[in-house]
Each structure stands twice: as C-alpha cells, then as structure tokens.
Amino acid sequence: MGKANSKNVSTTLHHCTLWKTNRSPSCRNVMMALDAMNISLTEVDVNMDKAEHRESELTTMNPKQSLPILKDRNLILCDSHAINTYIASRYCRSDYTLPEDPAGRAIVDQLLHFNSGVLQPNYRAACHPIFYENCQFVAPQFVKEIEHSYQDLENMLVGRAWFSGSRYTLGDIAIASSVSTLNVVVPIDVKR
C-alpha cells in the first residue's frame with residue numbers, strides 16, 4: 001500500500017489525562033478530535049450516575065463539576081473546545097483540523113461558537129428535565145428550537161462538503177458530536 005492508504009504515526013501523550021464519560025457530547029467531541037488527530041492519552045471514565053464527577057479530586061480541578069477535564073502537566077482545561085484547540089495547537093502536526101491561517105481559523109472558531117452557543121444549550125435545555133426532573137419527554141418549545149438549529153445547519157452546508165468547507169476541522173467534529181446526541185432526543189426529519 002502507498003502513502004495514501006497508510007495510517008499516520010500515532011502520538012501518545014503520556015503526561016496528559018482526560019476525565020470523561022461517553023454519554024456526554026462534549027466528551028465525545030474531545031475523543032473524536034483525538035481520533036482525528038491520531039493522538040492518544042490516558043483516559044479515565046467517570047460514572048456520573050454515581051456522582052463520581054463530584055468527588056474532591058475532580059471538583060478541585062473543575063469546580064463546575066462537569067466533564068471533560070484535561071490535565072497536561074500543570075495545565076487543567078475543562079471545556080471541550082478549549083481542550084481540542086489546545087491539543088491541536090500544541091501537539092498536532094497537521095494543519096487541517098485547526099488551520100493556522102487567520103481565515104481558516106476564524107471559520108473553525110465560528111463553528112465552535114455555534115456549537116457552544118446554540119447546539120449545546122439546546123441539548124442542555126431539552127435533556128436537563130429528563131435527566132434531573134423525572135420528565136418523560138422533550139418539551140415542545142425545545143423541539144422547535146432544536147429543529148430550527150437543524151435548519152440552520154442545513155443552510156450552512158449548502159454547497160459545501162463540510163461546515164468548514166472542503167475538509168473537516170475541529171468545528172465539524174464539535175457539531176457532529178452535538179448533533180449525534182440531539183438526533184437521539186429530537187430525530188432529524190430527513191425529508192426536511
């Protein structure tokens with residue numbers, strides 16, 4: 001097989017630890033980005049149902065009691081977007097997941113802001129009552145907001161292979177992680 005079909009050499013960050021839970025779109029965002037960058041690190045699964053995210057070791061690192069948490073030596077980051085852009089900037093040898101040119105980087109930043117400002121709040125608003133208030137359904141106003149977000153995403157994709165353009169970036173990965181979960185909560189209507 002030629003270079004085009006060979007896998008890139010993996011980078012293992014022995015000094016980095018990621019605390020995560022697989023059910024979290026934000027944690028999956030980091031795991032998907034690490035996969036795309038072919039980077040591995042120490043992963044610690046946290047059981048949120050047993051309130052392990054509220055144990056003193058984790059609350060000392062992240063008083064918000066949320067996941068993911070990345071520790072790289074003395075640096076602690078507690079936001080999936082910050083974690084991904086940090087790892088890409090510091091350890092990734094490829095420019096395509098996080099472009100260095102200002103225009104490409106601005107597009108990634110725009111997508112990350114859409115994810116953190118629209119998709120993630122929609123997820124939290126729809127799922128919080130189900131997870132913590134014993135609600136059995138997504139409230140109609142949240143269904144409408146999520147469907148509106150789907151339409152925004154559809155409009156953003158017109159004439160593009162990826163939200164970022166011709167290649168996927170950290171922005172596309174963040175959106176994919178959120179939409180994959182939103183689709184479970186409010187299924188995407190493929191006819192629309």
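Q: In which helix is the place of C127?
A: This is a predicted model, in which local features need pLDDT of at least 70, side-chain atom pairs count only at pLDDT 80 or more, and totals for chains, interfaces and linings use all residues. Residues are numbered from 1 along each chain as its sequence is written, and side-chain values use heavy atoms, with hydrogens and water left out. Helices (H or I, at least four residues) and strands (E, at least two) are DSSP runs, numbered from the N terminus. On that numbering, C127 belongs to helix α4.

Q: Is C127 buried or exposed?
A: Buried means under 20% relative accessible area and exposed over 50%, with partly exposed in between (1.4 Å probe, protein chains only). The relative accessible area of C127 is 5%, so this residue is buried.

Q: What distance separates the C-alpha atoms of C127 and V185?
A: Along the chain these two residues are 58 residues apart.

Q: How are helices α4 and α6 oriented to each other?
A: Two packed helices are described by the angle between their axes and the distance between the axes. Axes are lines fitted to C-alpha atoms, for helices over the stretch in contact, and angles run from 0 to 180 degrees between N-to-C directions. The axes of α4 (residues 102–132) and α6 (residues 170–185) come within 9 Å and cross at roughly 20°. Angles under 35 degrees count as roughly parallel, over 145 as roughly antiparallel, 65 to 115 as roughly perpendicular and the rest as oblique, so α4 and α6 are roughly parallel.

Q: What is the handedness of the crossing in which α4 passes α6?
A: A crossing is left-handed if the near helix is turned anticlockwise from the far one by less than a right angle, and right-handed if clockwise. Where α4 passes α6, the crossing is left-handed.

Q: How many nonpolar residues are in the contact of α4 with α6?
A: Contact means heavy atoms within 4.5 Å. The α4 side includes V108, L119, Q120 and C127, and the α6 side includes L170, S178, L182 and V185. By class, the contact of α4 with α6 has six polar residues, one charged residue and 14 nonpolar ones. Here Ala, Val, Leu, Ile, Met, Phe, Trp, Tyr, Cys and Pro count as nonpolar, Asp, Glu, Lys and Arg as charged, and the others, Gly among them, as polar; the nonpolar count is 14.

Q: How are α3 and α4 oriented to each other?
A: The axes of α3 (residues 80–91) and α4 come within 11 Å and cross at roughly 160°. The two helices are therefore roughly antiparallel.

Q: How many polar residues are in the contact of α3 with α4?
A: α3 passes α4 in a right-handed crossing. S80, H81, T85 and S89 of α3 make the contact with R105, L112, N115, S116 and Q120 of α4. Their classes are one nonpolar, one charged and, for the polar residues, seven.

Q: Which residues does Q120 contact, leaving aside its neighbours within four places in sequence?
A: Q120 is part of helix α4. With 9% relative accessibility, Q120 counts as buried. Leaving aside neighbours within four places in sequence, the contacts of Q120 are S26, S80, H81, N115 and S178.

Q: Which residues does R23 touch, not counting those up to four places away in sequence?
A: R23 lies in the loop between β1 (11–20) and α1 (25–37). Its relative accessibility is 38%, so R23 counts as partly exposed. Not counting residues up to four places away in sequence, R23 touches R28, M48, D49 and Y123.

Q: What is the omega of the peptide bond from L67 to P68?
A: Most residues other than glycine have a negative phi, and most peptide bonds are trans. P68 is in the loop between α2 (56–61) and β3 (69–72). The bond from L67 to P68 is cis, with omega near 10°.

Q: What is the phi of R73?
A: R73 is placed in the loop between β3 and β4 (75–77), and its relative accessible area of 45% makes it partly exposed. R73 is not a glycine, yet its phi is positive, at about 60°.

Q: What is the relative accessible area of N134?
A: N134 is in the loop between α4 and α5 (140–157). Its phi is positive, near 60°, in a residue other than glycine. N134 counts as exposed because its relative accessible area is 64%.
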